Amino acid sequence: MEIGLQAMLLTAGFILLVKGADWFVDGAAGLAEKIKIPQLVIGLTIVAMGTSLPEAAVSISAAVKQNAEITVGNVMGSNILNILIILGLSAVVVPLAVEPSTIRRDLPTLLLATILILAQGLDGTIGPADGAVLLLSFAAYLSLLLRKTKNESRQTLVHATESGTATAGSRPAPSKTRQADGGTPGEEPWPRLALLTAAGLLLIVAGSHLTVEAASSLARMFGISERFIALTIVALGTSLPELFTSVTAAKKGNADIAIGNVVGSNIFNLLFVIGASALVTPVPCQAAFLFDGLISGAAALLLLSCPLKKRKLTRRHGILMLFGYAVYFLTLL
């Protein structure tokens with residue numbers, strides 16, 4: 001009876017995640033277009049932090065309850081899943097073009113953040129001082145990202161102005177999709193886009209909570225260890241928002257959101273989630289979790305090296321990532 005109830009809750013969680021991801025991607029992409037912000041930036045910030053709320057909630061709550069052991073396991077397990085499973089599946093669905101700025105700025109930041117966490121955990125604990133360093137690093141990264149975005153937007157505006165001047169005052173041709181009333185087909189008003197984004201995020205968080213609770217209950221019923229649950233089931237459960245959001249974005253042709261979501265989520269997990277948790281209480285780093293941190297770093301390095309030649313994650317890369325996770329999973333058994 002109890003197993004049947006948990007299975008039903010698990011199914012309900014998946015349904016909420018699927019619908020929530022669909023709404024969230026549509027709303028975020030629409031807002032990005034209206035605000036004239038690149039989709040990559042939306043993926044690295046709003047979408048990434050929104051879909052990382054389950055990791056933040058689980059880890060910070062665990063720290064408050066003096067059960068911080070789950071923090072590093074949840075974050076490292078989620079980060080490994082994000083790269084090897086989520087981007088792997090997304091690349092299998094459709095090849096993903098990778099922006100040069102992602103290769104130059106965001107992926108190196110992810111790798112450095114992973115190295116920083118490992119260095120802080122070598123003494124067995126990530127303390128409040130370490131947490132402050134992580135949070136300051138996250139603030140610096142966000143500041144850099146927003147400053148670069150403003151500079152790129154300014155350069156685009158200058159280029160557009162110069163192009164307009166070069167045409168000797170000629171007016172730009174009207175858009176082929178522009179309607180007589182000034183709207184565009186499929187264009188949504190601000191309130192609807194904001195509502196879609198918020199409602200999608202709420203469904204994602206609710207679905208993730210249901211899925212984690214049901215999956216963890218089922219795992220304990222079958223006698224699976226706590227560490228295995230933290231690194232796989234809880235990590236997968238809290239990564240489901242990224243999974244459904246990224247795969248949905250890839251299917252809809254929003255590759256920048258798919259990649260930005262995963263990379264941004266991983267940076268957020270490492271710098272903000274662990275940093276905030278460490279401010280609440282020292283976060284213990286056992287030798288086993290340091291191994292998981294090394295795997296997380298290796299996954300980030302793999303992601304950095306895959307698109308260097310053609311700036312694209314192909315189906316071959318996706319299959320390689322999925323195979324890498326299968327090997328890691330076998331080491332946990």
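Q: What makes a residue count as buried in this protein, and how many of its residues do so?
A: Buried means under 20% relative accessible area, exposed means over 50%, and partly exposed lies in between, with a 1.4 Å probe and protein chains only as cover. By that rule, 48% of the 333 residues of the protein count as buried. This is a predicted model, in which local features need pLDDT of at least 70 and side-chain atom pairs count only at pLDDT 80 or more, while totals for chains, interfaces and linings use all residues. Residues are numbered from 1 along each chain as its sequence is written, and side-chain values use heavy atoms, with hydrogens and water left out.

Q: How do you know that the span of α1 agrees with its number of residues?
A: Helices are DSSP runs of H or I with at least four residues, strands are runs of E with at least two, and both are numbered from the N terminus; the protein has 11 helices and four strands. The expected span of a helix is 1.5 Å times one less than its number of residues, so the 34 residues of α1 (residues 2-35) should span 50 Å, and the 48 Å between its end C-alpha atoms agrees with this. After α1 comes Lys 36, with a positive phi near 65°.

Q: What makes the buried residues of α10 line one face of the helix?
A: In α10 (residues 287-305), the buried residues include Phe 289, Leu 290, Asp 292 and Leu 304. Seen down the axis of α10, the buried residues fall within an arc of 165°, so they line one face of the helix, the arc being that of the directions from the helix axis to the C-beta atoms. Ala 287 and Leu 294, on the other side of α10, are exposed.

Q: How do you know that the buried residues of α11 line one face?
A: Those buried in α11 are His 317, Gly 318, Met 321, Tyr 325, Tyr 328 and Leu 332. Viewed down the axis of α11, they fall within an arc of 100°, so they line one face of the helix. On the other side of α11, the exposed residues are Arg 316, Ile 319, Phe 323 and Leu 330.

Q: Why is the pair of Asp 106 and Arg 105 called a salt bridge?
A: A salt bridge is a side-chain nitrogen of Lys or Arg within 4 Å of a carboxyl oxygen of Asp or Glu. The closest N and O atoms of Asp 106 and Arg 105 are 2.8 Å apart, so the pair meets the 4 Å limit. Both residues, Asp 106 and Arg 105, are buried, and a search of the whole structure finds one salt bridge.

Q: Why is Phe 222 called exposed?
A: Phe 222 lies in the loop between α7 (190-221) and α8 (226-251), and because its relative accessible area of 59% is set against a limit of over 50%, Phe 222 is called exposed.
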